[in-house]
Amino acid sequence: MIKSQAVRGRRTARPAARKKPVDMGMLEEVFGYHLRRAQVAVFEDFMQTMVDSRLTPGQFGVLVLIERNDGLSQSALARALGKKRSTMVVVIDGLEDRGLIIRRPSTTDGRSYALALSAQGKSLLAEIKPRVRRHEKRLTTDLQPADVDTLIDLLKRITEQSRK
């Protein structure tokens, strides 16, 4: 009987495995490991929250910065986000193809473009900002507001330290 079940692609029942916790070794003390795990959790929740808008966390950040800095150049945007300019061009192309941003020739530098949100981009951003706030609240529900402020401050300090 076991052979015939295997032939048909069925698995046979195994005895329940003993659920022994995995020894994480030094990973328990490595902040980068915990940071990465937290990033994955945040990104997965963000993507689930934004599934209908088809926006990634990075694209959301780009839209927010363009909204707050109308006329920002692609180079300045890349620097603000800590990305390579070539990477930023791909993101900008995708957002422009979706009709969310507009690229205009810069009035101050003929070699660059000034970025602005389109009407569709403004509308989408206004729609999703409350969802992003709910997403953030959901993930920090067990933290006090001061804890969230401290966490953000610590992450900023780590980012700054990495640039030195």
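Reply: What follows sets each label against its cut-off; the model is predicted.

Me: What makes F46 count as buried?

Reply: Its relative accessibility is 5%. Buried means under 20%, so F46 counts as buried.

Me: And what makes F60 count as buried?

Reply: F60 has 15% relative accessibility. The limit is under 20%, so F60 counts as buried too.

Me: Why is the pair of F46 and F60 called tilted?

Reply: The structure holds 1 aromatic pair. In it, F46 and F60 are 6.0 Å apart, centre to centre, with 55° between the planes. Rings pair if their centres lie within 6.5 Å. Stacked needs planes under 30 degrees apart, and edge-to-face needs over 60, so the rest count as tilted. That makes this pair tilted.

Me: What does the pair tie together?

Reply: F46 lies in helix 2 (residues 31-49) and F60 in helix 3 (residues 57-68), so the pair ties together parts that are 14 residues apart in sequence.

Me: How do you know that strand 2 and strand 3 pair?

Reply: Strand 2 (residues 101-105) and strand 3 share 5 bridges, in the antiparallel sense. Pairing takes at least two. I102 stands opposite A116 in strand 3.

Me: How many bridges join strand 1 to strand 3?

Reply: Strand 1 (residues 72-73) has 2 bridges to strand 3, and the two run antiparallel. At least two are needed, so they pair. Here L72 stands opposite L115.

Me: Why is strand 3 called mostly covered?

Reply: In strand 3 (residues 113-117), 4 of its 5 residues are buried.

Methods: Residues numbered from 1 in each chain as written. Predicted model: local features only at pLDDT ≥ 70, side-chain atom pairs only at ≥ 80, totals over all residues. Heavy atoms only, no water. Buried < 20%, exposed > 50% of the residue type's maximum accessible area, 1.4 Å probe, protein only.
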